[in-house]
Amino acid sequence: MPASPSTARAINDRLALRLLQQEGPLTAGRLKQLTGLSRPTVADLVERLTASGLIEVAGESGEQRRGPNAKLYGIVADRAHLAALDVRTEGVAVLVSDLLGRVLAEGSAPIGDDAGTGPAVERAVGLVERAAKEAGAARLHTVGIGAPGLIDPANGELRDSTGLPEWHRRLVAALQQTFPEARIGVENETNLAALAEQRDGAARDRDTFVLLWLGLGIGAAVVLDGTLRRGVSGGAGEIGFLPVPGTSGLPSATDCDGGFHSVAGAAAVVALAAEHGVTAPPDEPERHAAALVREAVRRSGTVPAAARFLDALADRVALGTAAVVSVLDPGCVVLAGEVGRAGADALATRVQHRLSRMSPLATEVRPTTLGGGAVLRGALLTARDRAQDTLFAPPER
């Protein structure tokens with residue numbers, strides 16, 4: 001059955017808007033070439049999208065031709081402002097962008113363990129308010145939040161988890177009260193890092209891969225056939241609970257001690273470095289672990305103990321990775337998080353070598369290319385996609 005005229009117009013409009021998002025400002029002639037639509041149809045959609053405030057004249061083409069140069073049309077970037085948050089146990093980072101994802105303002109604030117729930121929420125919300133004001137955003141259209149823990153697939157809310165501060169769960173409601181018109185979504189931080197690596201980072205050429213997060217805690221994100229898989233309860237990738245050799249016990253439903261977390265989490269990395277005599281200035285566990293790994297990478301070519309430490313760490317990381325590979329056969333694993341970033345190619349190469357001996361399934365191991373900004377980048381990408389889905393949708397009749 002052929003599409004109705006209104007449906008066809010909506011499809012053409014979405015196509016043109018996506019092209020303008022990907023390519024930047026285009027002339028009507030170039031839109032005609034890229035879409036394959038007729039000149040009258042393109043003229044009609046340009047007029048319609050301009051009238052709706054979604055596109056505007058962004059300049060003129062540089063082509064030499066008789067008469068005035070053709071007008072360049074581009075998306076109205078300030079039609080909507082977006083915010084992305086990376087919420088950690090020790091603080092929060094935020095950025096505000098326009099509809100095209102161009103960052104207009106950013107900031108961060110530490111939140112100590114001694115801060116009460118109310119003051120912690122106020123500090124985080126205040127940070128977002130200041131960033132929005134600096135960006136010139138009178139209001140926020142969409143907010144994307146990355147946080148540790150499980151997201152309930154039924155309602156999209158952050159579930160109550162042992163070990164995570166209460167202010168994390170209170171933050172969404174407080175932001176919604178402060179920005180009542182905003183559409184706010186929460187996603188697990190590891191999942192957001194994977195989406196960012198898939199779109200802009202180490203997994204750009206992969207439809208199927210696993211991102212392994214090595215930091216204060218351990219987690220994984222699973223992307224199969226281009227789609228992020230969250231699992232029935234939102235817990236796909238909770239491999240910190242994975243039973244592995246070398247621990248003193250087994251994990252429980254409420255505590256991942258005894259699981260993969262116990263051999264590859266930040267505290268375990270710090271202890272392993274001490275066993276091998278690798279030192280770095282002490283800091284918070286996650287940052288200290290990353291500093292130790294980075295120092296070992298720097299000295300591994302000249303100091304045998306540093307190389308042995310990296311070998312031992314790779315042995316541990318390969319344990320959990322091999323279990324994931326044996327079940328999913330992803331073909332590619334990206335090492336992310338603070339420790340994965342610090343280990344870079346030196347750690348990734350070692351893990352891949354061990355996997356090749358442990359599993360018959362060919363698996364490429366790559367380090368993150370987005371580093372510490374992966375979660376924020378993923379939160380921004382999801383916020384932008386949600387905003388564009390809303391703004392680019394055909395009007396209801």
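How many disulfides does the structure hold?

## Cysteines

The structure, a predicted model, holds zero disulfides. Cys 332 has a relative accessible area of 0% and is buried. Cys 256 has a relative accessibility of 18%; because buried means under 20% relative accessible area, Cys 256 also counts as buried.

## Second largest pocket

The second largest pocket contains about 480 Å³ of space. Its lining is made up of 22 residues, and those closest to the pocket centre are Arg 88, Glu 90, Gly 91, Glu 286 and Arg 287.

By class, eight of the lining residues are nonpolar, six are polar and eight are charged.

## Largest cavity

One cavity of 30 Å³ or more is present in the structure. The volume of the largest cavity is about 50 Å³.

Which residues line the largest cavity? They are Arg 88, Trp 213, Ala 336, Gly 337, Glu 338, Arg 341, Thr 368, Gly 371 and Gly 372. Helix 11 (residues 337-358) provides three residues, the largest share of this lining. The lining divides into two nonpolar, four polar and three charged residues.

## A residue in both linings

Arg 88 is among the residues closest to the centre of the second largest pocket, and Arg 88 also lines the largest cavity.

Key: Residues numbered from 1 in each chain as written. Predicted model: local features only at pLDDT ≥ 70, side-chain atom pairs only at ≥ 80, totals over all residues. Heavy atoms only, no water. Disulfide = S-S within 2.5 Å. Buried < 20%, exposed > 50% of the residue type's maximum accessible area, 1.4 Å probe, protein only. 1 Å grid on protein atoms, 1.4 Å probe; cavity = no way out; pocket = protein on both sides within 12 Å on 5 of 7 lines; lining within 4 Å. Points joined across faces, edges and corners; volume = space filled by probe spheres on them. Nonpolar A, V, L, I, M, F, W, Y, C, P; charged D, E, K, R; others polar. Helix = DSSP H or I, 4+ residues; strand = E, 2+ residues; numbered from the N terminus.
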